[in-house]
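Subject: The structure I promised you

Hi,

Here is the structure we talked about, ready for you to open. Have a look at it first, and then read on for what turned up.

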Amino acid sequence: MEKHLIQPAVAAVLSSAIAFRSYKRKSLNLSGAIAGVFVMFIHLAVNYRFGAMLLVFFFTSSKFTKFGEDRKRKIDAEFKEGGQRDWIQVLFNGGIATLLVLTVWTVTGSEDKCLDSKESRMITSLIGGIIGQYCCCNGDTWSSELGILSNEEPRLITNFKPVRRGTNGGVTKAGLLAAAAAGTVIGLTFVVLGFFTTKCTSDVTVKQLFVIPLSALAGVCGSVIDSLLGATLQFSGFCSVRKKVVGKPGPTVKRISGLTVLDNNAVNLVSILLTTAITSFTFLYIF
């Protein structure tokens, strides 16, 4: 097989196998699995580092989504067995990065590049955006899935008053620490693989290490933006019948916070767009 066909072939096999496995394990439903093949294939076919960040996000988030399911079932009104994600969630969490990955491909092909604004401001900005997207997604998921299990009482991010578990915009120290750790894992993945896939000058190689703390900050940034949007533009109320926090108003629902402007998917998309933009510009300045 010709060299330029090997990577797309590997991408096709891996993305199909992972999507099928995830469907069988109920991490994705059928539409999510189909969308997942598309997103994973593009990432892996263009650049293994991009694919690795996507897979680290997907596997760790899926694992933590299933962690403590019995307790989450009692709290979360929209609990799904296995945390199944559909095509909308897949594209909302990976769509922006996929467009950025395709843009990188049109400029550099599958050649892996160092972060170096002196060589290419455009590539540095695009890669920064891709990293920012997955730090945001991973940070938000880890924060939500682990924070809700914390024994600490959550507080609404806008006024720091105690709120019920599952309230949109409720934060805990454990959740914010989880977001930082989630971003760090994405940054580590990018940096460590880069030692084997890129050829940078010594000074540029050292600067790549700044990706790790910046990724931690991006994870926290994404989680905080998501919480701010959730506390203000996403409705939260307590249902006296179900005894759970719900996301829609009703006759048996007492409002806790937020307006009925955005749903959860829209909140995720806006927070991803903002974090991606912030990270992209930050990388231009740092690198």
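At what angle do α3 and helix α6 pack, and how far apart are their axes? The angle is about 5°, and the axes lie 9 Å apart. That makes α3 roughly parallel to α6, a term used for angles under 35 degrees. Axes here are lines fitted to C-alpha atoms, for helices over the stretch in contact, and angles run from 0 to 180 degrees between N-to-C directions.

Before going further, two notes on the source. This is a predicted model, in which local features need pLDDT of at least 70 and side-chain atom pairs count only at pLDDT 80 or more, while totals for chains, interfaces and linings use all residues. Residues are numbered from 1 along each chain as its sequence is written, and side-chain values use heavy atoms, with hydrogens and water left out.

**Helix α3 and its partners**

Helices (H or I, at least four residues) and strands (E, at least two) are DSSP runs, numbered from the N terminus. Helix α3 covers residues 48–66. Its 19 residues reach 27 Å from first C-alpha to last, close to the 27 Å expected at 1.5 Å a residue; the expected span is 1.5 Å times one less than the number of residues.

At the start of α3, a side-chain oxygen of asparagine 47 comes to within 2.7 Å of the backbone nitrogen of arginine 49. Buried means under 20% relative accessible area, exposed over 50%, and partly exposed in between (1.4 Å probe, protein chains only).

Where α3 meets α6, the α3 side includes Phe50, Met53, Leu54 and Phe57, and the α6 side includes Ile127, Ile130, Tyr134 and Trp142. The residues of this contact divide into twelve nonpolar, five polar and one charged. For that count, Ala, Val, Leu, Ile, Met, Phe, Trp, Tyr, Cys and Pro are nonpolar, Asp, Glu, Lys and Arg are charged, and the others, Gly among them, are polar.

Helix α2 (residues 30–46) is another partner of α3: their axes come within 5 Å and cross at roughly 140°. Here Val39, Met40, His43, Leu44 and Val46 in α2 meet Tyr48, Phe50, Gly51, Leu54 and Leu55 in α3. This contact has eight nonpolar residues, two polar and no charged.

**Helix α6**

The 27 residues of α6 should span 39 Å at 1.5 Å a residue, which agrees with the 37 Å between its end C-alpha atoms. Because 23 of those 27 residues are buried, α6 is largely enclosed by the rest of the structure. Glutamine 133 belongs to this helix and is buried, at 0% relative accessible area. Leaving aside neighbours within four places in sequence, glutamine 133 is in contact (heavy atoms within 4.5 Å) with Phe92, Asn93, Gly94, Ile96, Ala97, Ile272 and Thr276.

Phe92 and Ile96 are also the residues in contact with leucine 269, again leaving aside neighbours within four places. Leucine 269 sits in helix α10 (residues 264–286) and is partly exposed, at 25%.

**A few residues in loops**

- Asparagine 168 lies in the loop between β1 (155–156) and β2 (170–171). With 18% relative accessibility it counts as buried, and a polar atom of its side chain is 3.2 Å from the backbone oxygen of phenylalanine 235.
- Phenylalanine 160 is in the loop between β1 and β2. It has a positive phi of about 60° although it is not a glycine, and at 54% it counts as exposed.
- Lysine 26, in the loop between α1 (3–24) and α2, has a phi near 65°, a positive value in a residue other than glycine. At 43% it is partly exposed.
- Valine 241, in the loop between β3 (236–239) and β4 (244–246), is exposed at 60%.

I hope this helps you find your way around.

Best wishes

Methods: Polar contact = N/O pair within 3.5 Å; in protein donor to acceptor, adjacent residues only side chain to side chain. Parallel < 35°, antiparallel > 145°, perpendicular 65-115°, else oblique.
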